[in-house]
Amino acid sequence: VPGRLEDPQHGWRSEFSKDSECAGPGYYSVILDKYGVKVELTATTRVGFLRFTFLREGKSGVLFNIGNRQGESGEIRDAHIEADGNVVCGYVITEPEYTKQYQEGASVGMYFYAVLDRTPESVSVFRQGGQPEEASLIDGKGAVMVAGYDLQAGDEVTAKVGLSFTSVENARLNYRKEASGKDFDGVVKSTRAKWNRELGKIKVEGGKEGDKVKFYTGLYHALLGRGIASDVDGSYPRNDGSVGFSESNL
């Protein structure tokens with residue numbers, strides 16, 4: 001169980017200090033105090049890149065939280081996760097809060113295909129609030145998996161996670177198209193360059209420094225809201241639950 005915000009010691013949640021946070025367009029990092037792990041995040045259009053640096057020696061792991069309610073995801077209808085070597089894939093089907101207003105009863109599926117650069121030494125799969133399952137394959141609500149490692153201080157584990165709104169296979173296709181042959185630091189560099197190009201389309205001079213910060217923060221938020229729902233092959237989810245195809249995406 002993730003545990004309550006008011007009592008993070010009784011779940012997998014971890015406290016952290018704002019002093020350890022670093023955030024900017026295309027990059028975020030923080031140290032999880034409970035586990036002694038530095039977590040870094042970046043992304044391409046359809047692939048998330050995560051780098052975990054383990055600051056303590058001993059047994060640790062990477063947790064895949066598939067099927068717990070997060071943000072405005074709404075209630076969970078179904079979740080599935082499976083592992084094969086260093087590949088973890090699955091999906092979660094949710095009823096987002098906004099569907100109650102715009103399309104009651106509709107659901108949204110998020111599919112993923114993740115590749116770890118270290119093959120786990122152990123795999124534990126849980127149902128929400130339950131005990132670990134012996135199998136590495138589980139169906140049902142609240143699937144959670146831990147890829148376990150026995151690491152030295154300073155060891156790193158990197159995950160590349162292809163995402164899709166249509167299928168696990170297309171999540172794998174997105175991964176292969178956008179992540180193959182790329183490393184974390186290279187993606188940070190290219191993603192920052194992309195954000196600089198976008199934010200640099202409007203140049204503001206003069207005035208107070210605080211006003212310019214507000215302006216570019218607003219521009220950043222406006223650009224951030226432009227979501228991508230299609231896959232690299234042009235597939236996209238229709239609101240009736242079927243999959244459409246757009247050649248213009250190719």
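Me: Why is threonine 191 called buried?

Reply: In this predicted model, threonine 191 has a relative accessible area of 11%. Buried means under 20%, so threonine 191, at 11%, is called buried.

Me: Where is threonine 191 found, and what does threonine 191 touch?

Reply: Threonine 191 is found in helix H3. Leaving out residues up to four places away in sequence, threonine 191 touches Gly26, Thr42 and Ala43.

Me: Which residues of H3 are buried, and why are they said to line one face of the helix?

Reply: The buried residues of H3 are Phe184, Val187, Val188, Thr191, Trp195 and Leu199. Seen down the axis of H3, these buried residues fall within an arc of 100°, and therefore they line one face of the helix. As background, an α-helix has 3.6 residues a turn, so residues three or four places apart point the same way.

Me: What does the face of H3 turned away from the buried side carry, and what covers the buried residues?

Reply: The face turned away carries the exposed residues Lys189, Asn196 and Arg197. The cover over the buried residues of H3 includes strand E2 (27-32), strand E3 (37-43), strand E4 (47-54) and helix H4 (209-224).

Me: How does the reach of H3 compare with the span expected at 1.5 Å a residue?

Reply: Helix H3 covers residues 184-199, which is 16 residues. From its first C-alpha to its last, H3 reaches 22 Å, close to the expected 22 Å.

Me: What makes H3 roughly perpendicular to H4?

Reply: The two helices pack at an angle of about 115°, and their axes are 10 Å apart. That angle makes H3 roughly perpendicular to H4, because angles of 65 to 115 degrees count as roughly perpendicular. H3 passes H4 in a right-handed crossing. On the H3 side, the contact is made by Trp195, Glu198 and Leu199; on the H4 side, by Tyr216, Leu219, Tyr220, Leu223 and Leu224.

Me: Why does isoleucine 202 count as partly exposed?

Reply: Isoleucine 202 is at 38% relative accessibility. Buried means under 20% and exposed over 50%, with partly exposed in between, so isoleucine 202, at 38%, counts as partly exposed.

Me: Where is isoleucine 202 found, and which residues is isoleucine 202 in contact with?

Reply: Isoleucine 202 is found in the loop between H3 and H4. Leaving aside neighbours within four places in sequence, isoleucine 202 is in contact with Phe215, Tyr216 and Leu219. Isoleucine 202 and tyrosine 216 are 14 residues apart in sequence, and their C-alpha atoms are 9.0 Å apart in space.

Me: What makes aspartate 185 partly exposed?

Reply: Aspartate 185 has its place in helix H3. Exposed means over 50%, and aspartate 185 is at 49% relative accessibility, so aspartate 185 counts as partly exposed.

Me: Why does arginine 172 count as partly exposed?

Reply: Arginine 172 is found in helix H2. Buried means under 20%, and arginine 172 is at 21% relative accessibility, so arginine 172 counts as partly exposed. Arginine 172 and valine 115 are 57 residues apart in sequence and 9.5 Å apart in space, C-alpha to C-alpha.

Notes
Residues numbered from 1 in each chain as written. Predicted model: local features only at pLDDT ≥ 70, side-chain atom pairs only at ≥ 80, totals over all residues. Heavy atoms only, no water. Helix = DSSP H or I, 4+ residues; strand = E, 2+ residues; numbered from the N terminus. Expected span 1.5 Å × (residues − 1). Buried < 20%, exposed > 50% of the residue type's maximum accessible area, 1.4 Å probe, protein only. Arc of directions from axis to C-beta. Contact = heavy atoms within 4.5 Å. Axes fitted to C-alpha atoms, helices over the stretch in contact; angles between N-to-C directions. Parallel < 35°, antiparallel > 145°, perpendicular 65-115°, else oblique. Left-handed = near helix turned anticlockwise from the far one by under 90°.
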